[in-house]
Amino acid sequence: MKQVLVRRGRPVAATALAVAVAAGGLAMAPVAQAQPVVAATRAGATAVSVDGRSVPFNDGWKFVLDDPAGAEAVGFDDGGWAGVQVPHDWSIHEDFNLDPAAPGYTRSSEGLLPAGTGWYRKEFTLPKGVSGKEISLDFDGVMGVTTVFLNGTQLTDADGFDVHNYGYTPFSYDIGDLLDASGENVLAVRVENVKPNSRWYTGSGIYRDVTLTVTDPVHVARNGSFVTTPTLEADVAAGVANVSVATTVENDSSDAAQVSLSTRIVDADGNVVATGEAPTAAVEAGTSTDFAQTITVEDPKLWSTEDPNLYDVVTQVRRNGAIVDVTKTTTGLRSIRFDTTGFYLNGEPFVFRGMNLHHDLGALGTAVDRSATRRQLEILKEAGVNSVRISHNPASRVLIEEAEKLGLALVEEAFDQWRTCKTTNDYHQYFPTDAEKDIKSMVERDKNSPAIVLWSTGNEIATSGDGSCAVPISGYNAGGAASLYAQDARNLNDWVKEVDTTRPTTWGEAAAYPDPANVAARNAVDIPGVNYTSESGQLALAQTHKNKVVLGTEVSWGMRSRGYYYNPSGRIFSHRICAYFYNPCPYPDIQDSWQGSSYDNQFWVSAWDHVTTSGSSVPVAKNANILGAFLWSGFDYFGETLPWEDTSRTNSFGDVEAPKNSYSGAVDTAGFPKDLYYLYQALWTDEPVLHLLPHWNWEDENPDPALELGDTGKAFPGQVWAYTNADTVKLYLNDELVGERSFETRTGARGDYQVVDDASNLDKVYLSWDLEYEPGTLRAEAYTDGELVATEEISTSGAPAKVALSSAEESVGSGDLVFVEADIQDKDGLFVPYANDKLTFTAKNGTVVGVDNGNSISTERYADSNVRRAFSGKALVIVRPDGSGKKVEVCASAEDLKSDCTKVEIDAAPVADKVKPGSVLVAPAATGPFRELQVQVDASDDQGLNRVVANIYRDGKLVESTQTPAFGATAWSHVATVSLPDGTYTIKYSSEDLAGNVSKTGRFDVTIGAATP
């Protein structure tokens, strides 16, 4: 047990009125009231209901895209500012701007949406019950250089920083001594997003969640719980999991405290599966003490990408015998290790079948939304993805949580720059002073996530300035292993290990550089990652590393547009890059359509075989010490629009076209899979997959080869490809057999894999046919070991005739967005792959918040618009339900097309407004001298309520407080499961409606004792 001085906080007197705290997925608190504490407020200020240890702080903000003097002052007039809810990305609400002289201008590499400087203000009141509490203001991320003021005073964080410079890391301020607990408070946030500062779209503003954390002066420190399973692989053989729980308790009061801890581990069904106690220890005023517990879980359910089992580790802190804090840490029990035979998860071989993911959410910009984040991850998971590299920055906490639930392993990355720049105003200028704080904050926040299996210290780190930066660092790698570059690599690795030694570190190296400085920097991490490097290059790099392994952190950066197909028999190589390698460039010029080829054959990095999906996937199958590969990228993302960056034109519709997002994704920004998606699905999944390309609508039955790269894309390019995991495919055109193609089976370090040995493209992982076009139907039949396992048909469609709407979900949660896809069809219901009709969307019982079509060169608005032109036959509309619980009805119409509507159910999740004594069940605890008190609520009587808060008293003193999150629509829903000693208890409850208003209260008694069943 270790005691240290607390670096933050102030002495405060203890109080009997405490705020609710979180435990086991349920908010628990030693509060004297039987209902949430709600402050009275004047008009204009937001009354913050403090009914949990950490409470949302996203409502009631005002915003202006300007930099007015004095906006931090309490009395500043913000009457003309817009009301917003955070998370909020102000850039996505602006028009695309192609004028370099315009305020906040960004190049196409950063998305063409304006940035600049903006202010947020929030007036709020707190309940009197928080007086004397420790209160922190927590930002999960703000994009831009951020300065925060409370009641006119500039805030400083625990590390002494009064400005937060990095838009991707969380930061907090202790604000208790600046708050007016009985009156109105004013929070002001200045965000300066000066461009250029990135190689992709960053968004702008308070784009992640904001929360308030309210605790007793004696409490678990911020990120103060660390749950590990250091001996799990050996433990599981004995049928147990020994869980190590390290907890740091701070005493910010003016008096010493006798502190004890009790911990319980709760499974996903709410069952307490293990408990533990830590001995009482004295924690002196102004110090912290570390408590260590080892708790044994019998028959543990492990977290894996196939079965992502989660547990809640719930810790109660007692001060002088009274509960003063309860925290919940969600985690999973799993082990990881690696050697030259591969990477292992829970002792089983694990190959990284990954994709890179930037942080924007398409039409929503970067404003974090849980349902949109979940949708992106689910789409990747369905392709067989088991891992995501978060590129190139720490993720939102929401993404981490959703990956945990879905079963996706994560590589969380810290930086895209160290000391040298990639753009003038990027993070390089802050790295010398901020890097330690920022990388540690990433690791501290997410160290308990079972999803994170690797920490990455950086991506493609430059070793010299490019001359355009304010402070270029010349000779950064001079001195070989003793260079500042190598020392930075070692420092970053060490800072990660100071927080977490349970996970390996990695990075993404731009290439297998042979110089001593790069070799030394690469050896600072546990697993070297490298981008766009051949099989032989990866194997050679591994031999220069202490652990003799390598990871393909980026592979196959292609230029792909859904519905466009060019030159399938060869490569298309951007002439802007080709000129660096060849003079003249021998490859076809980039096409006038400004769209990439949806065959896997257009690349800006190079025209070499190893950058194709075939060339990057086969080495992983062959070599155990190539631990896996991450496609660049999973989704298209805003910005970085090579090879057509910084160009614009007006098309035949009079619309401005300007490349403003990438082409590299297996999925476009709207969430529509491209052809490549199905190739990875064939490589990475076991269920039968068969996908044909291209579409079968071509105007010219005998195409002129000169038109294969023309600007219309209407000439048939001459080949049909099939992506499949079957061993043989037969292709038919209008019921006539075109030909039968089969894979050759080979054996690599990881078992068998399928390829086609083709002289022009070694080891292809797809099948192809040369044929002439004629309208009609292509049909493919896939066979495995002679058995028909899948069929696929593509038919020539007629002219556009109608809109067809669909949603992947028949119902969504009450807080989720509704995503509706629009397909353009002919009169017979066949998809029209070239349709570009302009669609108008309407929504009933909801609001349209975004529209998209996946077109990288469209400059139509994403937000604040209900109009979108179809691209390659498809468009997307995103609707936010209005909270009424009624079905959301979405309709779409277009000139000369038949309209369509669809409805999506909203799960309102109501509960009854009463708790009865008969609703209480009591059962023995799993272990220890406690019994489980499970309070249940009869939800069969729908009163439109959201949750119930229950406070539990013994001898007039509060011993537990618990509340539900929003209830599920079941006949019975439990409020909480809590561990209590034998005795007689009074339970006081209150019910809360969907708007957060307390409606009814009540009480009843229950006795727990030896005779209790």
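Biologist: Over how many bridges do strands β41 and β42 pair?
Modeller: This is a predicted model. Strand β41 covers residues 744-748, and strand β42 covers residues 751-758. Two residues lie between them in a hairpin. The strands pair in the antiparallel sense, and the number of bridges is five.

Biologist: What is the bridge partner of Thr-747 in β42?
Modeller: β41 and β42 are antiparallel partners. Within that pairing, Thr-747 is bridged to Asp-752.

Biologist: Is strand β39 largely enclosed or largely open?
Modeller: Strand β39 runs over residues 728-733. Buried here means under 20% relative accessible area. Five of the six residues of β39 are buried, so the strand is largely enclosed by the rest of the structure.

Biologist: Which residue of β45 is the bridge partner of Leu-733?
Modeller: β39 pairs with strand β45, residues 777-784, in the antiparallel sense. Six bridges join β39 and β45. In β45, the partner of Leu-733 is Leu-778.

Biologist: Which residue in the turn between β39 and β40 has a positive phi?
Modeller: β39 also pairs with strand β40, residues 736-742, antiparallel over six bridges. Thr-728 stands opposite Ser-742 there. The hairpin leaves two residues between the strands. The one with a positive phi, about 50°, is Asn-734.

Biologist: At roughly what angle do helices α4 and α5 cross?
Modeller: Helix α4 spans residues 431-446, and helix α5 spans residues 484-499. Their crossing is right-handed. Contact residues include Phe-431 and Ile-439 of α4 and Leu-492 and Trp-495 of α5. The contact divides into eight nonpolar, no polar and five charged residues. The axes come within 9 Å and cross at roughly 35°.

Conventions:
Residues are numbered from 1 along each chain as its sequence is written. This is a predicted model: local features need pLDDT of at least 70, side-chain atom pairs count only at pLDDT 80 or more; totals for chains, interfaces and linings use all residues. Side-chain values use heavy atoms; hydrogens and water are left out. Axes are lines fitted to C-alpha atoms, for helices over the stretch in contact, and angles run from 0 to 180 degrees between N-to-C directions. Helices (H or I, at least four residues) and strands (E, at least two) are DSSP runs, numbered from the N terminus. A crossing is left-handed if the near helix is turned anticlockwise from the far one by less than a right angle, and right-handed if clockwise. Contact means heavy atoms within 4.5 Å. Ala, Val, Leu, Ile, Met, Phe, Trp, Tyr, Cys and Pro count as nonpolar, Asp, Glu, Lys and Arg as charged, and the others, Gly among them, as polar. Two strands pair if DSSP finds at least two bridges between them. Buried means under 20% relative accessible area, exposed over 50%, partly exposed in between (1.4 Å probe, protein chains only).
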